[in-house]
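Dear colleague,

I am passing on the structure below, followed by some notes on what was found in it. Please read the notes with the structure open beside them.

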Amino acid sequence: MMVDSSNILWLATIGAGICKVDVNQNPVSLYRNNILDTNSLTSNKISAICEDRFGTVWVDTVGGGLNALNKKENKFRHYHLNPLDQSSLGSDSLSLIIEDRDGNLWIAGGKSKTGILSRLDCKT
């Protein structure tokens, strides 16, 4: 659960996507994976939500990588593990995301006992 800079409540679920609640308006918005829409969430198994300093809502998923929501367009950009690219995420199974004071996102995940930590510069 997270409240963003616009006072929107975001509820993460394991299996049902993301619920967006604007307490000043009706209705509630639900973001879910839609296999026919490449701009939808990559997975409905949500593990963490974070808003960066630019207002982008970042969504960690279990098995679907990282999703970045453009709130104006209601479209998601996707980030995945690519074994051929050392700058990609270290895993698609994610569990935690935070932004540091320099604007970097730190994403934790992995299926092994040791875990994986990835850094993403959200300014670029």
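Two strands are taken to pair if DSSP finds at least two bridges between them, the strands themselves (E, at least two residues) being DSSP runs that are numbered from the N terminus. This is a predicted model, in which local features need pLDDT of at least 70 and side-chain atom pairs count only at pLDDT 80 or more, whereas totals for chains, interfaces and linings use all residues. Residues are numbered from 1 along each chain as its sequence is written, and side-chain values use heavy atoms, with hydrogens and water left out.

With that in mind, four strands form an open sheet in the order S1-S2-S3-S4, with antiparallel pairing. Its edge strands, S1 (2-3) and S4 (29-31), each pair on one side only. Strand S3 (residues 18-22) is joined to S4 by three bridges in the antiparallel sense, and Ile-18 stands opposite Tyr-31 in S4.

The salt bridges (a side-chain nitrogen of Lys or Arg within 4 Å of a carboxyl oxygen of Asp or Glu) come to three. One of them joins Asp-4 and Lys-71 at 3.1 Å, N to O, and links the loop between S1 and strand S2 (8-12) to the loop between strands S7 (66-70) and S8 (75-79), 67 residues apart.

Best regards
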